[in-house]
Amino acid sequence: MLWVGLHLPWLSLESFAATLPPAQAGQPLALIDAHHIVSANACAQALGVMPGLKRATALSLAPHLVLGQADELRDAQALTSVAHAALAFTPAVSLAPPDGVLLEVQASLRYFGGLQPLVQQLRATLAPLSHQVHCVSAPTAQGAALLSRLHDGLHCADRPALQKALDAAPVWLLAAGGEHREALQGMGLRTLGELRRLPRAGLARRFGVALLQELDCALGDRPDPREPVSLPPAFHSQLELFARADTTEQLLYGAQVLLARLVAWLSAQHAFVRRFTLQMKHEPRWRHSTESPAVTVLEVALAEPSRDAAHMLALLRERLGALQLPAPTLELGLQSDDISHRPPPNTELFPTPQSEHAGLTRLIERLQARLGREQVQRLEAVADHRPERATAVHPAEPLWLRAREAAAHRHEDVCSAAPKRALTRPLWLLPQALPLQERHSRPVLDGQVLHVLAGPERIESGWWDNSLAERDYFIAQTIEGALVWLYRARLPLSAERDGWYLHGRFA
Amino acid sequence: MDAMPTSLLPPASAPVRSARGPLASPETLHPSLWLAHQFGRSADNALPSGFGLLDAQLPGGGWPRRVLSELLLPHPGIGEIRLLAASLAAVQRSGRLVMMFDPPAAVSAPALQELGLDVAQLLVVQTHLQVRPGADRLWALEQALKSGHVGAVVAWLPQRLRSERLRRLQLAAHAHDGPAFVLREMAAQGHASAAPLRLALHPAGADQLALRLLKRRGPPLLTPLHLALPPVLSAVALRRAQAWSEGLAEAPQPLRAATFINLA
């Protein structure tokens with residue numbers, strides 16, 4: 001058994017800092033519980049704010065101190081995300097509350113190429129969650145948990161090495177040791193090594209069996225079963241913002257944290273998200289309003305399942321930019337249960353059709369997020385003689401992109417087979433045919449007489465769908481040499497006014 | 001022409017060269033150096049336009065990649081797509097996508113197919129409708145150029161575009177491995193432009209296009225090029241058009257009724 005112990009020394013502070021607007025992140029921060037400081041960041045500690053101080057004392061030392069309420073639930077959510085991220089490395093991940101995560105990695109070593117590369121990848125995976133992490137490996141779970149509170153990067157390969165490291169550790173490291181800290185100090189016991197050398201019966205009588213049991217677990221003399229973390233089937237995470245968010249940027253800053261957690265949840269099950277919802281709980285209109293505050297729900301559907309936080313953030317940015325929120329946001333929530341399991345994409349050194357396809361999908365997705373889905377169009381030729389109905393416009397979908405690749409090959413044959421013949425249809429079609437003036441029974445465009453060169457081509461179609469077209473089409477030339485497409489409506493059956501119409505231009 | 005070649009000369013080495021005497025062929029030093037009577041070269045090979053006459057006058061022998069090519073038109077519908085169709089079809093045959101931004105009118109799919117283009121390999125992006133507030137018209141074009149996954153881009157730019165916006169697009173086009181055509185109004189001719197290739201198109205009779213090269217990486221070309229476009233007119237209609245343009249100076253003949261009933 002080889003356990004990797006992760007310890008997050010600043011978990012509460014970091015999970016609090018994530019709720020702050022970006023401008024306040026560098027300021028002195030502290031968490032209070034029952035009017036006493038429980039934790040303070042380096043910036044605040046430099047000003048003399050120490051854990052244990054009273055709130056008023058701390059504020060007099062540092063007037064700009066940002067005080068937040070310690071929140072166990074918030075910490076637990078942050079810790080769960082760390083555990084989810086760790087699940088990508090081994091299925092045996094367990095929590096060591098309040099601020100530790102344990103991984104049993106013996107079976108994963110070969111896949112990741114040894115402990116060193118595994119730890120390196122683990123740190124890289126945890127980096128987006130923006131926590132400071134201490135990482136220690138040891139043969140026992142309890143040993144790894146204890147030592148990760150003291151060291152970072154320590155590796156105990158076997159039991160003797162673990163025992164040596166533990167012997168040098170202070171007694172308050174044990175949960176029971178912290179309880180009896182003063183008594184142990186009074187007895188002159190500083191390290192676990194000194195404790196271990198004492199008679200066990202006497203120790204058990206004085207301090208209870210818990211102290212010894214903990215020590216035995218750490219040394220591997222006593223079984224230490226751990227409950228593995230199981231992954232919830234649907235993702236749900238919330239973030240209560242410290243300050244109300246008025247701008248998109250502030251919202252995105254909070255959403256970034258949630259997206260990092262979503263990606264951790266996804267990578268734990270090697271899945272990709274297809275759609276997710278961002279919920280924004282707004283400030284109530286009046287402070288003591290009884291009605292429940294307004295909630296805006298933003299649903300983001302991805303064309304191609306993804307777990308790229310940067311891409312999802314870019315999509316959110318586009319969607320939020322187009323959205324007008326009724327009130328400032330107080331709380332963010334991210335939910336997702338629509339995921340797809342598939343092998344991860346290969347990473348390639350040189351661009352390939354696959355990477356180009358993925359890139360195009362993302363491009364189309366971004367354009368559609370910003371411009372609207374209907375603004376990115378694909379065309380389809382329809383077998384209809386009426387020119388205005390011969391082209392169908394559809395919004396581009398990713399499925400079409402895949403079909404496109406298959407069609408590309410067919411197109412090659414069609415193109416080479418198509419004989420060179422004269423063009424018969426103009427590329428630019430006017431949305432509405434433009435009635436033309438007449439001069440000496442000849443059509444006039446922009447004050448210039450048009451010269452009719454070819455025609456007529458009779459198009460008479462559509463009696464079955466109430467848009468009957470009965471027209472004679474001609475190709476005409478303007479005085480400068482451009483070619484236009486004209487028609488004459490055929491009287492008396494047609495509803496259109498008699499005369500010439502401009503319908504298209506040959507481009 | 002371009003001021004780039006002189007600025008790229010390393011200043012330290014210049015006196016050394018002059019001490020040894022003038023270099024016989026300085027253009028061999030670096031791919032972005034050329035003499036005033038030569039064509040500029042580029043690391044990417046150009047895409048043949050399908051018109052031999054035009055290819056002979058374009059640096060690299062075709063439409064350049066990774067830069068903007070600016071086409072100035074008096075109005076849409078003078079044969080601009082027939083000019084580009086051969087190169088766009090070549091892009092599509094290599095399995096890459098063609099994107100059109102803000103075409104001036106509805107695009108007809110049958111006409112595209114007649115031009116040899118594949119509608120399945122074409123996307124049309126409408127940015128001028130502004131369905132959502134804050135949508136920038138050139139943003140979409142810039143994203144497409146930057147992504148580098150699009151085979152060819154044909155974009156109709158809004159009128160009275162500031163030159164720095166065009167420069168921004170030109171910078172974005174560095175990532176775009178393929179031709180990028182921007183089509184603008186003829187009034188932009190007098191304004192500076194960051195595009196290294198600029199052409200002014202004029203209709204020159206039926207199925208003919210006159211091209212003036214306003215700017216290229218190479219010596220200036222004073223005479224316009226006349227290109228025969230893929231024909232719309234049959235041989236009979238073409239003769240009729242020629243007769244008309246010749247007889248235009250004289251009194252124009254009224255249209256005969258016989259023209260209408262001639263169904264042949």
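**Helix crossing and chain contact**

Modeller: In this predicted model, H14(A) passes H15(A) in a right-handed crossing.

Biologist: Why is the crossing of H14(A) and H15(A) called right-handed?

Modeller: A crossing is left-handed if the near helix is turned anticlockwise from the far one by less than a right angle, and right-handed if clockwise. H14(A) and H15(A) fall under the second case. Residues are numbered from 1 along each chain as its sequence is written, chains are lettered from A and ligands numbered from 1 in the order in which they are written. Local features need pLDDT of at least 70 and side-chain atom pairs 80 or more, while totals for chains, interfaces and linings use all residues.

Biologist: At what angle do helices H14 and H15 of chain A pack?

Modeller: About 145°, with axes 10 Å apart; axes are lines fitted to C-alpha atoms over the stretch in contact, and angles run from 0 to 180 degrees between N-to-C directions.

Biologist: What makes S12(A) and S4 of chain B a pair?

Modeller: Pairing requires at least two bridges found by DSSP. S12(A) and S4(B) have 3, in the antiparallel sense, so they count as paired. A:Val376 stands opposite B:Val125.

Biologist: How many residues of chains A and B are in contact?

Modeller: 58 of chain A with 66 of chain B, contact meaning C-beta atoms, placed from the backbone, within 7 Å. H16(A) gives the most to the chain A side, with 9 residues.

Notes
Two residues are in contact if their C-beta atoms, placed from the backbone, lie within 7 Å. Helices (H or I, at least four residues) and strands (E, at least two) are DSSP runs, numbered from the N terminus.
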